[in-house]
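Work through these exercises with the sequence and the model open. Try each task before you read its solution.

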Amino acid sequence: MSFNPEEELRRLLARFDLLAGIVRATWYEWRQAALEFARPGTKPLDLVLRAWEIVGHDTAMSYFMALRKNSPTFLEDLANLIVMSSRAMGEDAFAYKGENPNEVFVQWNECPWPEFARRYKADMEEDVLGCDRWFQTVIEDVNKHFGTKIKLETLKAIPRGDPICLRRLTMEG
Amino acid sequence: MSTVNYDELVSKWQEYYKQQPGSRMFPHLFKPITIRKVKIPNRIKYAATEDNFNTHDGFVTDKDVAYIRERARGLVGGICTIQGVYMDPKGEGKGYVGQAAAWDDKFIPGLKRLADVIHEEGAIANIQLMHCGRVGGVELDYCVGPSDVPQRLRVLKPVKEMSKEEIKTSIKQHAEAARRGLEAGYDIIEISGIVGYLISNFLSSYTNKRTDEYGGDIENRCRYMVEVIEAVRDVVGKDVPIFIRLCAEELLDEMGGNTPEECMVTYRMAEKAGVDCISVTQGWQESLHSVITRDIPQGHWLYNAKRAKQHVKVPISQAYRLFKPEMADKAIGEGIIDIWEMCRPMIADPELPKKALEGRLEDIRYCIACNLCLARLFRDAPITCAVNPLVGHEWDERWKVKPAEKKKKVMVVGGGPAGLQCALVAAQRGHEVHLYEMRNVLGGQVVYASKGPYGEDELYGIIEWLKRQCDKAGVKFHMNTYVTPELIETEKPDVVVIATGAKFVVPKVPGSDLPHVVLAPDVLEGRVETGDRVVMWGGRGDGVVAALYLATKGKKVTIITKDRKPGVDVNPSYIWRYMLKISQTGGKVYRFADVESIEEGRVIVKGAYGVRIPVPADTVVVSMREPRTELVEAAKKLCGEVHVIGDALVPRRLHNAIHDGYRIGLRI
Ligand SMILES: Cc1cc2nc3c(=O)[nH]c(=O)nc-3n(C[C@H](O)[C@H](O)[C@H](O)COP(=O)(O)O)c2cc1C
Ligand code: SF4
């Protein structure tokens, strides 16, 4: 049976895109519902940070299987996993080595999340701090699991009006 | 109350018209018309224009006053309408962040300032009352309407159904606002019932699902409008005209809107309720159909005015792509309309009626229907105009073209919109200006952009206007002349303005030097033919226009863009239509994507999520640009004052080029 491979891929991509959109929308819709049922005085930011923390533990667990403690490129491997997770969510990200030997950067050129935050009227800073909490949780768990001393800093953030998101990963020892 | 002596006003203007050639060229435009006690010297009306110039709590600003004064002056005695004002303290009827308010007497002094400047310029003052209904609640998290029918557009707020008490309150608020309008000195009260605002929400079967006396059949759906008109009439008395803007065709068939026949019932009901003039409009913000974009030929909607004439006896006015005085004069002469309305044409050129009257048609700077003004409005920004950089700066002396302190010899390199606009302002200020263009045609990117298939030739009008004005201002043109450092050395200008635009570049990837990789301008100007399957590499405005051009020739175009969607730099009122047309001919888009390599017959696209996709392609058209800056460094060495403007600075859109040119023209 003949088929057009481009069309098949396109269809898959289109459905994947749609699914990614639904995931993002669902995130904010759950946030809205949770806030409506939350204890009086609950701050949206606290709720959101807790949710990203839960996501972070889950993400870290999936990274444990892919990382090798004695790999000479441990930090880069970790950065590439972050890139992979980001790309899977429709973000345009890549990793590159910094000037110092134990330094790797992850740069995001495009990110669809702020657009959804705007649509659902969530604070942009929530988006920055939420992402940050996700990655910090991953790093904390990775450090505990592998006994490493890795640090992550957020240097630039699209939701803050920067043209890119930029995060720096450094490893001691 | 207005204190205008209408007899005096009309005779003063009529005397003046007699001395002007335009009164013979356009005999119908410059005929007076009397509506109730108001005598209007001519048949021209500036239509209501929300501008976001006022304070966020509804007070009129100097900026708005200066903007309106310019339009009133240009009307040479016509009707000057101020923006629709909202009338409720909560702001449910407020559709725009900088919309003027009329919900309290404290707003009267500001509204009076507008009426006063209109009168000082000899025009007739019209205040528009506008509850934005489904388009309202700009600063709330809801808006109100007759029923809570969900919105089609994400930007609009969820609708809350109005109770009967709220309906009665809003009718009263119209009457109160009308009283304030009278106290501020307006001659005419206008009610806005169009494009999705509250009155149109009650009229339309799409948005009115009520089962009480305000819903149901078309007569009941008219009840709110009728009660508003009657309440306003009670306040304004029998001498003051009430105008209304009403949809003759909603273009909401897909959503179950009114039929054109039902729309005519609303006209008859409005007339019966006592309005004195109906402004014929069409379309809704939620409609899927073009109404005021360039793909609609000018004068297209006059058929709705003709229909209206068969149903009502009151005078009829119309705007909507009726840009040319000759067209409007003919329509009045043929009895299709009584008053010519304009909104965007007078944003673009506030002096349009005056120039028509003086017979200076070649000086009219026509609106190019780009809808930048509207796009800004919907992004909560003050309006600007692509072709008229002075919009919003009328109050500011620093933006006016004034003689230069010292005459300089200015070399403008590049005859695109940035170079032309800069040359014009510099020459008007008294500088000796030489403009160099390496091709035999002026316009830069506009030359390509105007090859688009849906009325884009209208874009070239601004280039022709700039050329005519430059000629009048004494700019010397040097066509087919490539400026080299040697030429700068020989000419010894005091100032060099680099307006060399941008060049199309082919990024280096494997296969990018193959012969079937071509540039977008070569395709648009007919220098190369493409195969049937085309990959458009680059999805900004240039790529979209070229894709559209190829799509209308039956080519299957795949756009590859790094952005989150094609045409991020194209006006929202155009891009969705363009993309619809491209997809209807089998066109496709890969977003967040780039070309990884090119082979004979196909392109490997690196798509979103890092996926590679083989895309069949007979031709790859490159539409990416980068600034042409070869001359900058040399010019800086040879000349003390160098400016880089337009796409030569950063490739952007037409309005950026024109505005850059204007600002630098003022600074030289
Ligand atoms: C920037 C802008 C603001 C507008 N504001 C109003 C308004 O306040 N009230 C109204 O009834 N129509 C408003 N309109 C619609 C215009 O009055 C006019 O009907 C429409 O632009 C079509 O006419 P044109 O082709 O002459 O521009 C606005 C249009 C524009 C472009
Ligand atoms: S911004 Fe564009 S559409 Fe608006 S008045 Fe100016 S030229 Fe016309």
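**Exercise 1.** Is Phe16(A) buried, partly exposed or exposed?

*Solution.* Start with the ground rules. This is a predicted model, in which local features need pLDDT of at least 70, side-chain atom pairs count only at pLDDT 80 or more, and totals for chains, interfaces and linings use all residues. Residues are numbered from 1 along each chain as its sequence is written, chains are lettered from A and ligands numbered from 1 in the order in which they are written, and side-chain values use heavy atoms, with hydrogens and water left out.

Next, the cut-offs. Buried means under 20% relative accessible area, exposed means over 50%, and partly exposed is in between (1.4 Å probe, protein chains only). Phe16(A) has 35% relative accessibility, so it counts as partly exposed.

**Exercise 2.** Which kind of aromatic pair do Phe16(A) and Tyr609(B) form? Why does the pair join two chains?

*Solution.*
- Step 1: apply the rule. Rings of Phe, Tyr and Trp (its six-membered ring) pair if their centres lie within 6.5 Å; planes under 30 degrees apart are stacked, over 60 edge-to-face, and the rest tilted.
- Step 2: count. Over all chains, this rule gives 27 aromatic pairs.
- Step 3: classify. Phe16(A) and Tyr609(B) are 4.4 Å apart centre to centre, with 85° between the planes, and the pair is edge-to-face.
- Step 4: locate both rings. Phe16(A) sits in helix H1 (residues 5–37) of chain A and Tyr609(B) in the loop between strands S23 (602–606) and S24 (612–616) of chain B, so the pair joins two chains. Helices (H or I, at least four residues) and strands (E, at least two) are DSSP runs, numbered from the N terminus.
- Step 5: check the cover. Tyr609(B) has a relative accessible area of 16%, so this residue is buried.

**Exercise 3.** Which parts of chain B does the pair Phe53(B) and Tyr67(B) tie together?

*Solution.*
- Step 1: geometry. The ring centres of Phe53(B) and Tyr67(B) are 5.4 Å apart and the planes stand at 80°, so this pair is edge-to-face.
- Step 2: position. Phe53(B) lies in the loop between strand S3 (44–46) and helix H3 (62–74), and Tyr67(B) in helix H3, so the pair ties together parts that are 14 residues apart in sequence.
- Step 3: cover. Both Phe53(B) and Tyr67(B) are buried.

**Exercise 4.** What surrounds ligand 1?

*Solution.*
- Step 1: list the shell. A residue is near the ligand if one of its heavy atoms lies within 4 Å of it. There are 22 residues around ligand 1, and the closest are Ala48(B), Glu50(B), Gln128(B), Arg245(B) and Arg344(B).
- Step 2: sort the shell. It holds 14 nonpolar, four polar and four charged residues. Here Ala, Val, Leu, Ile, Met, Phe, Trp, Tyr, Cys and Pro are nonpolar, Asp, Glu, Lys and Arg charged, and the others, Gly among them, polar.
- Step 3: find the helices. H12 (344–348) and H14 (372–378) of chain B each supply at least two shell residues. H14(B) gives the largest share, three residues.
- Step 4: find the N and O pairs. The side chain of Gln128(B) has an N or O atom 2.7 Å from a nitrogen atom of ligand 1. A polar side-chain atom of Arg245(B) is 2.8 Å from a ligand oxygen atom. A backbone N or O atom of Cys343(B) is 2.9 Å from an oxygen atom of ligand 1.
- Step 5: work out the cover. Alone, ligand 1 exposes 610 Å², and the protein buries 95% of that. These areas come from the Shrake-Rupley method with a 1.4 Å probe.

**Exercise 5.** Where do Lys121(A) and Asp380(B) lie?

*Solution.*
- Step 1: recall the background. Most residues other than glycine have a negative phi.
- Step 2: take Lys121(A). Its phi is positive, near 60°. Lys121(A) is in the loop between helices H4 (113–119) and H5 (124–146) of chain A. At 60% relative accessibility, Lys121(A) is exposed.
- Step 3: take Asp380(B). Its phi is positive too, near 65°. Asp380(B) is in the loop between H14 and strand S13 (409–413) of chain B. With a relative accessible area of 43%, Asp380(B) is partly exposed.

Methods: Polar contact = N/O pair within 3.5 Å; in protein donor to acceptor, adjacent residues only side chain to side chain.
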